[in-house]
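Subject: Structure handover, aromatic contacts

Hello,

Please find the structure below. Notes on its aromatic rings follow.

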Amino acid sequence: MAGGGAIYKPLPPDRLYLTDDEWQKRLHGTAVARLSPFAVPEGTADTVDAGARQGRDFAPERADNSVNVFERVVAHIQSLQSARKKVVVALWSEGSRDRMASMLKDHKLLNVQTVNSWRAVNAVPRNEASLAVVGMESGFETDNVAVISEQDILGDRLVRPRKASRKLDNFISEVTSLSAGDIVVHVEHGIGRFVGLQTLEVGGAPHDCLELRYANETKLYLPVENIELLSRYGSDQTNVELDKLGGSGWQARKAKLKNRIQQIAAELIKIAAERHLRETEKISIPRESYDEFCARFPYEETEDQQNAIDAALHDLESGKPMDRLICGDVGFGKTEVAMRATFGVAMEGKQVAVVVPTTLLARQHARNFAERFRGFPVNVAQASRLVTPKEMTATKKGLADGSVDIVVGTHALLGKSIKFKDLGLVVVDEEQHFGVTHKERLKQLRANVHVLTLSATPIPRTLQLALTGVRDLSIIASAPVDRLAVRTFVAPHDPLMIREALLRERYRGGQAFYVVPRIDDLADVKAFLDKHVPEMKVAVAHGQMAPTVIEDIMSAFYDGKYDILLSTTIVESGLDIPNANTLIIHRADMFGLAQLYQLRGRVGRSKLRAYALFTLPAQQKITAQAERRLKVLQSLENLGAGFQLASHDLDIRGAGNLLGEEQSGHIKEVGFELYQSMLEEAILALKSGISEPVADRWSPSITLGMPVMIPDDFVTDLSVRLSLYRRLADLETDDEIENFAAELRDRFGVLPDEVRYLFKIAAIKAYCRRANVEKVDAGPKGMSIVFRDNSFAEPEKLVAFIRRYGDAAKVRPDMKVVFLQEWDTPEDRLEGATDLLRDLANLAESKKAA
């Protein structure tokens, strides 16, 4: 640091730090200036000059379109090396380091080393640049070292700390956890009601079971390790008839539906197969310029986002038409995925159409795309009501002759009058807003063109198609850096509360949206606002205004000339106004769930906490469905809830018939989740060439006379316990079970014996499935097992296996196999049963292995 009265001695040539002794010597007889954050040292303070000065910032080069920043960086590094200085480039993450290395090499800086310590920097020759992961905002230079930071080269970056990501399947299974009172479907016994968890004595030891009630108050207790036989019925639980335990009605209904599902699956497979059979040109991504394009993204990609980008690029390179749905919460970076795919296709010389639902969103996307593609040989145009007829004609001509590479527009792009010379990719943003006819037009395009769909709340049919694997699905579930969840309140209309909410937003320098369901409501609400918040300026906008007028109002609101934007749902789609952080919705009961969710996504797009107030009529009663919608929305406050919301919406609205638009009654028959999994199984079976209806899921019954439970003092929350049971029931390999046990240790601490036994039982259950064993009973004297349908994959090998045990194993007349053993303790029993069943599982699969 430099300052008045400083003692200047340069640093030792081989390092950037002082030892304690050296520091003390240099401070001899001086006082150290204490710097508060953001303070500049006073000219009179005694400080030590480390001989460093501010490094080079490439901001002027970034602002100049005619200059390539990386060429200038390389020239600067070479001039520093000529001055005999060691050069270190400091990057925020390993991903940025790899990208920077590749970009510097592309711009002819061939001698680049990655380093992890200062000692390694010293070992690198002066004519080679070192790349290190060091969190540093700006670089500096000393007499013999120059450090250039990533921020100096690329401008401001936002970096998020990497959290261990929750796997997508865990994310979904925790969403679908049961709560007491839910209607559930047991694959063997049909529709019942889940009452709660009960601990019963089984074989002399406590065992957690789920209590289910059926018609005539009959009860069924299901051991927790068999929880996968249950599925949620869905949200619409009104007028559901419970099945009779042991009755034939359920089996008959299920068999009939299986045949129908078989037909639906065959139809879907046909559509998907036709797409897979079609060939399309492989898009090869130009790595050098691609890295340069990625570097312009001012954030570090979240893990989910990177996975979605990789999946989309892989689809483009595969030579088959892509049909991928990117589902991510509002503002979670779906557009960036689309931009990367667009870059790959446009640089290959093909055209890209980005289709959005509203003119305002078209304008915003067109600006963003033009900004990101500046300096690349790509021409971006806009096609919507907001461009002049002259510009529109020029765009149409450019699309037909190939001079326009990327066009961003509303569904006008899907019209018959627009012809493309060589369309390679269609990006559909906010799919839920497009009608049936637009979707049909997209379907025709889909045949040979890559299609990437972005949606925060995919409409149910889309989601169902993606879930059943007919379309590919990528989920972005992790929030961007610094994002806070929107606080949501549902309350009767109260003028005082509304005034307070609006003024509070104004006092912190922000703006507010006030959204009404109908144009007719605008005049009343405008009068209400003029009366109750006269100090705030209100702009009014709705879809029937002239496009230029809407554009002017929005621009003025964006520029901060108004405090409140009073509008209809025109603001629902994708608008990005970071300064607007309060949303008030008039008559929230008149909006759909996805609409409310999208509207709520208009606020909370900056680092500030945002608030959403959903008002209801003070006197009138609202419908049960509207009440449920608002409850769901209030419960989904966490970031990344778009996927959960779409699942709820799927429950509330029903999935709709997969192939037609009419709503389907099938889900009423067996419940939403079971319908979903039956369809998925049917599709998988048909894909692997099996045409008979798929057999039901089954789960072995295991009694070892030892405790099987997660004690409530280990995991206190019942719904968390249930979701853990549910996840455990789905695990199949030893590795998965081991990883889950490690996760539980991290989350809750040392595993008690009961939980360790539960994990062992889960492993035994997986072996039983592989060996086709449906019942296991073990005690101090040995174990008996029953094979499902009395069949085993390798009967001869089984006979030889039993013979090996001599008198200690026998087959009884009822086809039970009994193994006589001395297992004195429960631990012995557990180990013995595990070893035996592992051997049987390996035996059953030995033919496959051979």
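**Aromatic contacts**

F343 and F373 are both buried, where buried means under 20% relative accessible area, exposed over 50% and partly exposed in between (1.4 Å probe, protein chains only). This is a predicted model, in which local features need pLDDT of at least 70 and side-chain atom pairs count only at pLDDT 80 or more, while totals for chains, interfaces and linings use all residues. Residues are numbered from 1 along each chain as its sequence is written, and side-chain values use heavy atoms, leaving out hydrogens and water.

There are 14 aromatic pairs in the structure. Rings of Phe, Tyr and Trp (its six-membered ring) pair if their centres lie within 6.5 Å; planes under 30 degrees apart count as stacked, over 60 as edge-to-face and the rest as tilted.

One of the pairs is F293 with F376, which is edge-to-face, at 5.9 Å centre to centre with 70 degrees between the planes. F293 belongs to helix α9 (residues 287-295) and F376 to the loop between α12 (359-372) and β16 (380-383), so this pair ties together parts 83 residues apart in sequence. Helices (H or I, at least four residues) and strands (E, at least two) are DSSP runs, numbered from the N terminus. F293 and F376 are both buried.

For F343 and F373, the ring centres are 6.1 Å apart and the planes are at 25 degrees, so that pair is stacked. F343 is in helix α11 (residues 334-347) and F373 in the loop between α12 and β16, 30 residues apart.

One aromatic cluster is formed by Y290, F293, F343, F369, F373 and F376.

Regards
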